[in-house]
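Please look through the sequence and the model shown here, and keep both in view while reading the paragraphs that follow.

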Amino acid sequence: MDVALQTYRNDPVARKLSSVEKQKGTDYWAFQSETRRVGAHALFSYPAMMVPTLQGTLIDIINEKYALKTVLDPFVGSGTVMVEAMLRGMSFTGVDINPLAGLACLVKSGPYFVSSLESKSQHLIKRLTKKRKKCRVRDFFGIGKWFHPETSQALEEIACSIRQEQSLWARRFFWLTMSKTVRHSSNSRMST
């Protein structure tokens, strides 16, 4: 028998994965019924997001064998593994080259002050609707390719209003929310 196959068959994690598949069927790994995101997983949509249920199952299986205390994700993305590790009371370290991934993880990792966020959102809306001197639009190479001039101005008004927020946690939440607005209002329809 092939050494790699024998090693796989003797590995307790691989055996547990096979057991899960036998119990739930081969379609289990498609997670077609597990597409709805809830809690921190629902805060932000990121390209190529992982399925939280799958990540949670894998963490649980590996944890049975190795009693994990800390999880490392070298390509953290939207923080799916981070949230699943935190839900299990584990420490987490994540790295990603994309600054938006870092922001998403900072927001998803909390703290969550839901009642305060409602109040802070109302203050942000008031700042946005208040008549004041227009914010100067930042210029960068190719801005006209990405945004119509009115869109650039509106986005800068939002950014100016967010900068006035005193609480770091709320400011981060608003920046993350604004990133979705930027994506949907740009001339590009790419997910990134």
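**Salt bridges, helix packing and backbone details**

The side chains of aspartate 60 and arginine 88 meet in a salt bridge, with 2.5 Å from N to O, where a salt bridge is a side-chain nitrogen of Lys or Arg within 4 Å of a carboxyl oxygen of Asp or Glu. Aspartate 60 lies in helix H3 (residues 52-66) and arginine 88 in the loop between helix H4 (80-87) and strand E2 (91-94), so the pair ties together parts that are 28 residues apart in sequence. Helices (H or I, at least four residues) and strands (E, at least two) are DSSP runs, numbered from the N terminus. Aspartate 60 counts as partly exposed because its relative accessibility is 34%, and arginine 88 counts as partly exposed at 30% relative accessibility; buried means under 20% relative accessible area, exposed over 50%, and partly exposed in between, with a 1.4 Å probe and protein chains only. Asp60 and Arg88 are also linked with Glu84 in a network of salt bridges.

This is a predicted model, in which local features need pLDDT of at least 70 and side-chain atom pairs count only at pLDDT 80 or more, while totals for chains, interfaces and linings use all residues. Residues are numbered from 1 along each chain as its sequence is written, and side-chain values use heavy atoms, with hydrogens and water left out.

With those conventions in place, the overall layout can be described. The secondary structure of the protein comes to 9 helices and 2 strands, and along the sequence these follow the pattern α-α-α-β-α-β-α-α-α-α-α. Of the 192 residues, 33% count as buried. Among contacts between residues at least 6 apart in sequence, 59% join residues at least 24 apart, contact meaning heavy atoms within 4.5 Å. The protein exposes about 12,700 Å², of which carbon and sulfur atoms supply 58%; accessible areas come from the Shrake-Rupley method with a 1.4 Å probe, and for residues only the protein chains shown count as cover.

Helix H3, which holds aspartate 60, also holds isoleucine 61. Isoleucine 61 counts as buried because its relative accessibility is 5%. Leaving aside its neighbours within four places in sequence, isoleucine 61 is in contact with Val13, Lys16, Leu17 and Val20. From isoleucine 61 to valine 20 the separation is 41 residues in sequence and 9.5 Å in space, C-alpha to C-alpha.

How many salt bridges does a search of the whole structure find? The search finds 6, and one of the pairs is formed by the side chains of glutamate 165 and lysine 120, at 3.0 Å from N to O. Glutamate 165 lies in the loop between H8 and H9 and lysine 120 in helix H6 (residues 114-129), so this pair ties together parts that are 45 residues apart in sequence. Both glutamate 165 and lysine 120 are buried, lysine 120 with a relative accessible area of 19%. Apart from its neighbours within four places in sequence, lysine 120 is in contact with Glu165, Ser167, Trp169, Ala170 and Phe174.

The axes of helix H8 (residues 149-163) and helix H9 (residues 168-185) come within 10 Å and cross at roughly 175°, the axes being lines fitted to C-alpha atoms, for helices over the stretch in contact, and the angles running from 0 to 180 degrees between N-to-C directions. That crossing makes H8 roughly antiparallel to H9, a label that applies to angles over 145 degrees. H8 contributes Thr151, Leu155, Ile158, Ala159, Ile162 and Arg163 to the contact, and H9 contributes Arg171, Phe174, Trp175, Met178, Thr181, Val182 and Ser185. These residues divide into 8 nonpolar, 3 polar and 2 charged, where Ala, Val, Leu, Ile, Met, Phe, Trp, Tyr, Cys and Pro count as nonpolar, Asp, Glu, Lys and Arg as charged, and the others, Gly among them, as polar.

Arginine 163 also meets glutamate 156 in a salt bridge between their side chains, at 3.4 Å from N to O. Arginine 163 counts as partly exposed at 37% relative accessibility, whereas glutamate 156 counts as buried at 8%.

Two backbone details remain. A cis peptide bond, with omega about 10°, joins glycine 110 and proline 111, and proline 111 lies in the loop between helix H5 (99-108) and H6. Alanine 67, in the loop between H3 and strand E1 (70-73), has phi near 45°, a positive value in a residue other than glycine.

Technical notes: Angles under 35 degrees count as roughly parallel, over 145 as roughly antiparallel, 65 to 115 as roughly perpendicular and the rest as oblique.
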